[in-house]
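I opened my notebook to look up a few things in this structure.

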Amino acid sequence: MRLANVVGTRPQLIKAAALQPALRQRHDEVFIDTGQHWDEAMAGTFFRELGLRPPDKILGIGGGTSAEQTGRMLVALEATLRAVAPDAVVVYGDTNSTLAATLVAAKLNLPVAHVEAGLRSFDRRMPEEINRIVTDHLARWCFAPTEAAVANLAAEGLTTEVHLVGDVMRDLAARTLSEVRRPSALAGIAGGGLRTGEFLFATVHRVENRAPDAIRGWVGLLDTVARADRPVVLALHPGTREAMDALGVVPSTNVFVVEPLGYRSSLAAQLHAAAVLTDSGGVQREAAWLGTPCLVLRSSTEWVETTEGVAASSVLVGLDAGKARDALDRLAPPDRAPAEAARRAREQTIETDGATESIARLLA
Amino acid sequence: MPHHLAHVIGARPNFIKAAPVIRALRERGVPQRIVHTGQHYDDRMSDVFFRDLEIPTPDVNLGVGSGTHGEQTAAAMVGLEREWVADPPALVVVYGDVNSTLAASLVAAKLGLPSAHVEAGLRSFDRSMPEEINRIVSDLLAELLFTTSPEAEGLLLATGVPAGRIRFVGNPMIDTLLGQRAKFDSGVERERQGLPETYGVVTLHRPSNVDDEASARAVVGALDGLSALLPLVIPLHPRGRATLDAAGLHDSERLRIVEPLGYVTFLSLVAGARLVLTDSGGIQEETTILDIPCLTMRPNTERPITVTHGTNRLVAPDEVVAAAREILAGPLRPTGPRPPLWDGHAGERIADEIVGWLAARAAGTAA
């Protein structure tokens, strides 16, 4: 098949990187980047680190309001997909690029394959939830990562061409794990000097966490859990950082604010951290595969598997500093965390679901 | 605190559906604003159109204009977002299945504004129709879904729409039809077109019929055969007829091609016709209430109640002549059992539901 593979954000580029080798074995791929997150810094090491081919088409659409961004994507993708004339369009996750590519493909009567289908937070105030719902219902193939996702789709009447394939990111994490086991994998992060199990790794990127009250909330939370002997490395989305700076909020000196990390560095930071604090569904899952305790800085999550059950090492703490402190005392106490993290870095293994191979095979 | 509700309208059929809803809400004292995206604009949508149908003129026209699906949807989204960021309505009301419907549903959802979809739950199950895509998305994102026929509820429940959001209210398009019916004068309009007493009315606009060369040839063949049975009048926009012309369509004594007609003129002709051949959605419904036999030249319909309870029948182009012969041999004004609640009061029911919903929401009891 001739596949248009459409991405727009960093997480989507990473998912495309996970899937690309399997897709290209069986199909012709035209790789299209809307540019929703594009910046020059991403072009070089970011792609090399992932073994990702550069996009065949970069549409250069970033910024703007939600409607402006989606609107410009609709126009540009319509022209591009008409010209490319693929047999099917592959989309990922829940961004405006996902929504726009799906709407355009549906109107052009091109079948859509949705990778990471069926996730639901059941919170429609999240723009991502709107994008997910629309994309799942317009897709020909829904590739679901979990049983819960399959059940969500069934509850909305979606049962044909719904495939439980597992998580493509798990395949990529399994491929990359051996490259980040040694502490030297931490060398480039936050100026170096991080020691296994003696730091916390945090990421904040969601729009809901850019509101003034939310910013004060998570900065306060991170200040509470950061200590001189256990600093927080905080990888901030540029938009979030801008909002924080505009508000005049400055985290404590034990919080090191850094640019978003590349995929491999991020995996290394998660593997070697005492614990991870994040509002990202992706980071939440990676931490779970790596066995690293994870505090979720949201009130709900569409990845229920990682926060349910007695063995769960992932806890929803929202922006509640007290809850976060208690969870860390329980899951990653400073006296045990370094040994635990060192053991993980040596011994942790990730079983793959073979999701990427399944998707490539099912697209026929 | 938002106080008004916003109606989003993009094409003529939207106005015909919205008019009774807007009127009933005005009678109930609900502040409202009419946003015309400007998706369709022609001189038949002039002041006369609004005055004739007693439709209030729009408060704002976003001037979206024509374009590809992507371009139209994009322009409507940007314009609507600007409107509603400045002055967020308490509820967005969208109609039918045009690109403006889709755009308004998406923008409302992203801004966290509730939307109500009038004419919800229609499905042709044919995703090659862009309207089907628009319907699916607007139904998924609506908090209130107003349905025109009982089977819509089952279709919506099957897509996960909670039952509490669905209200079976009847068909507001029929409110307008019944309200305007006294103005229809079939005799005068028939004579103005120089038609004999027995004639047929044809409308064609679906890309699958008029843009594809092979389909257009089959359609023109059907029209030739049908016009041998009875004289036909077919309003056609010059823009939309290039492929039909190339397939051999030409104006003749038995097949009169005329400019698009106004609402009252067109329905006067329909009301006096022996039969109608169409590929449009609304005409299937209007002929059902006017007791005029209707042949719909499509493989499917999102309005099956017009077949089970009305005068509609689906035909392929090569079945048109045989089906027309059966109609001509049958009764003059066949009548079906009529769809329930197509009684001229759908707009009032919708307004009552909206008033109740707004009150419940203000009291904090609505989701």
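Entry 1, the model. I noted before anything else that this is a predicted model.

Entry 2, domains of chain B. I looked up how chain B is divided and found domain 1 (5-171 + 342-362) and domain 2 (185-329). I then took the centres of domain 1 of chain B and domain 2 of chain B over C-alpha atoms, and 28 Å separate them. Where the two touch, domain 1 of chain B gives 15 residues and domain 2 of chain B gives 13 residues. On the side of domain 1 of chain B, the elements that give two or more residues are α1 (12-27) and α2 (47-52) of chain B. I sorted that side by class and got 7 nonpolar, 3 polar and 5 charged residues.

How do α1(B) and α16(B) cross? The axes of α1(B) and helix α16 (residues 346-362) of chain B come within 8 Å and cross at roughly 55°. I therefore wrote α1(B) and α16(B) down as oblique to each other. The crossing of α1(B) past α16(B) is right-handed. From α1(B), the contact uses Pro20(B), Val21(B), Arg23(B), Ala24(B) and Leu25(B). From α16(B), I listed Ala346(B), Gly347(B), Glu348(B), Ile350(B), Ala351(B) and Ile354(B). By class, the residues of this contact are 8 nonpolar, 1 polar and 2 charged.

Is helix α12 (residues 263-271) of chain B mostly covered or mostly uncovered? I found it mostly covered, with 7 of its 9 residues buried. The buried residues of α12(B) are Thr265(B), Phe266(B), Leu267(B), Ser268(B), Leu269(B), Val270(B) and Ala271(B). I looked up what these buried residues pack against, and the elements of chain B include α7 (172-180), α8 (186-192), β8 (200-203) and β9 (232-235). Also among them are β11 (275-278) and α13 (282-290) of chain B.

I located Pro86(A) in the loop between α3 (66-84) and β4 (88-92) of chain A. Why is Pro86(A) buried? Pro86(A) counts as buried because 23 other C-beta atoms lie within 10 Å, and the cut-off is 20 or more. Leaving aside neighbours within four places in sequence, Pro86(A) is in contact with Arg2(A), Leu3(A), Ala4(A), Val30(A), Leu81(A) and Leu110(A). I also checked Ile61(A): from Pro86(A), this residue is 25 residues apart in sequence and 21 Å apart in space, C-alpha to C-alpha.

Note on methods:
Residues are numbered from 1 along each chain as its sequence is written. Chains are lettered from A and ligands numbered from 1 in the order in which they are written. This is a predicted model: local features need pLDDT of at least 70, side-chain atom pairs count only at pLDDT 80 or more; totals for chains, interfaces and linings use all residues. A residue is buried if 20 or more other C-beta atoms lie within 10 Å of its own, exposed if 12 or fewer, and partly exposed in between; C-beta atoms are placed from the backbone. Helices (H or I, at least four residues) and strands (E, at least two) are DSSP runs, numbered from the N terminus. Two residues are in contact if their C-beta atoms, placed from the backbone, lie within 7 Å. Domain bounds come from an automatic or database domain assignment. Ala, Val, Leu, Ile, Met, Phe, Trp, Tyr, Cys and Pro count as nonpolar, Asp, Glu, Lys and Arg as charged, and the others, Gly among them, as polar. Axes are lines fitted to C-alpha atoms, for helices over the stretch in contact, and angles run from 0 to 180 degrees between N-to-C directions. Angles under 35 degrees count as roughly parallel, over 145 as roughly antiparallel, 65 to 115 as roughly perpendicular and the rest as oblique. A crossing is left-handed if the near helix is turned anticlockwise from the far one by less than a right angle, and right-handed if clockwise.
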